[in-house]
Amino acid sequence: ARFFRSLGARAAAAAAAGPPGVVHLNLPLRDPLTADPPAIPSFAREAAARDPRSVITHHVGRLAPEAELIESLASAIRETDEGLIVCGEGLEGDNAAEAIAALTRQSGYPLVAACATGLRTGRTGRDAIIDGYDHLLRAPGFTRAHEPRLVLQFGSLPVSKALRGFIGGDDDGEGGPDTPASGEQARARRHVLVDPHGDLRDPHHRATDVLRVDPALLCAALLDRAESARAGRWLASWREHNARVRKAVQARLNRLEELFEGRVARDLAAFWPSGGNLFVGSSMPVRDLESFFPGRDAPLRVLANRGANGIDGVLSSALGAAAVSPPPTALLIGDLSFIHDLGGLLAARRHGIALTIVVVNNDGGGIFRFLPQRRHEAVFEDLFATSHGLEFDHAAALFGLRHRAVHEAQEFLPALRELVDGGGILEVRTDSKRNVEIHAEIAQAAEQALGPG
């Protein structure tokens, strides 16, 4: 009993500590493995009732920044008008998003934030966020005129290839829609990476300062030493250009009558009920959400498996999130990722988990049509696109789930409304070649909205 009590407490602490995540347990079992019911599941409750001291609690402290570091960074913020705040995943902790939003307002710096940070939904950081950054940073005229002198990066970088090219100046090879080769690269004089878990999420090796401190404590300390909020030409210019791009992109999306994967991501995130959860898959789904979802005032919890950075296990992860989260929960996932974890649907049936699964079925790995692999026509379909020719109504029937399939843009939201309560599979059938063309058309509309400078 002491062994299992200690192991369970240690596993829970490791899962919650930095970086938070899955814990693997090896349990020694004695032969023979008979069906005798074990007494282990109830011993902890019984022991706690007898003696509260039998419960093990792990206490983890928060890493506070030292005074010298705070003063150095506060001084840099006071002296630098042209700053940029970038937020990615890895901000777990008390009030991290709220603290970063407050620092954004105080510093007068534009804020670029991934959807999974929570800063693009609700009212926390909406006043300073640059939600059109993925299109904005593909325009050479804009990037040349908006090179930051100071970058404050909290957690990992968002998935946008344009942002990574702007910050790091290199192609990370991770994929996604192409970044124009003529785009300028930012060369910040100081690049501060705040990473409470010490993961050093700096793929381009641009960080000049790595701060292994609690983001909320750091921001609170900086606010105490910062000057009153500045609202100069730098932030005004970012906002003005962002508004132009947002208007052009959203207008183009609204005019589409055909199904477009970017609009599916936007409409799902915009429609999903307040306080609900949206789990977004890797590859194109997470990139489409970053590119086309402008955010919303109503709260929405966005989750992603970006640590794994692959397509395996996404469905099961979303089912796990749905099982322990207030309803409703939706999953936006690609077809290959869905097929890879199809057996996870057994958990939905066995445990009665309500999950609305939006599967973008473009018959294969659509992301590769944006990458250099597409030029290898002789082997592209077999080695990269990996077309499967499947539709998923039979998969839904196998596991006793509701199924809807849509082919036109106007069919999507009505079908989605049917599946909010109780869950099911909403299959969105798109054409991957046409998807690339629409991406290019929207990118051109965004660049035209910005003008030559």
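**Notes on the predicted model**

1. Val23, Leu25, Leu27, Leu29 and Leu33 together make a nonpolar patch of about 490 Å². Bear in mind that this is a predicted model. For one of these residues, Leu27, the setting is the loop that runs between helix H1 (2-16) and helix H2 (40-50). Leu27 has a relative accessible area of 45%, so it counts as partly exposed.

2. Next, helix H3, which covers residues 67-79. Its 13 residues reach 18 Å from the first C-alpha to the last, close to the 18 Å expected at 1.5 Å a residue. Which residues of H3 are buried? They are Ile70, Leu73, Ala74, Ser75, Ala76 and Ile77. An α-helix has 3.6 residues a turn, so residues three or four places apart point the same way.

3. What covers the buried residues of H3? The cover includes two helices, H4 (96-107) and H8 (215-225). It also includes strands S3 (150-154), S4 (190-194) and S5 (209-211).

4. Now some backbone points to look at. Most residues other than glycine have a negative phi, and most peptide bonds are trans. Against that background, Pro327 and Pro328 are joined by a cis peptide bond, with omega about 0°. Pro328 sits in the loop between helix H12 (314-324) and strand S8 (329-334).

5. His205 is not a glycine, yet its phi is positive, at about 60°. You'll find His205 in the loop between S4 and S5. Is His205 buried or exposed? With a relative accessible area of 68%, His205 is exposed.

6. Asp363 is also worth a look: phi is positive here, about 60°, although the residue is not a glycine. Asp363 belongs to the loop between strand S9 (356-361) and helix H15 (377-385). Its relative accessibility is 32%, so Asp363 counts as partly exposed.

7. Finally, the cysteines. Cys219 is buried, at 0% relative accessibility. Cys115 is buried too, with a relative accessible area of 3%.

Technical notes
Residues numbered from 1 in each chain as written. Predicted model: local features only at pLDDT ≥ 70, side-chain atom pairs only at ≥ 80, totals over all residues. Heavy atoms only, no water. Patch = residues over 30% accessible without salt bridge, like charges linked within 9 Å, V, L, I, M, F, W, Y side chains within 5 Å. Areas by Shrake-Rupley, 256 points an atom, 1.4 Å probe, with all protein chains shown as cover. Salt bridge = Lys/Arg side-chain N within 4 Å of Asp/Glu carboxyl O. Helix = DSSP H or I, 4+ residues; strand = E, 2+ residues; numbered from the N terminus. Buried < 20%, exposed > 50% of the residue type's maximum accessible area, 1.4 Å probe, protein only. Expected span 1.5 Å × (residues − 1). Contact = heavy atoms within 4.5 Å.
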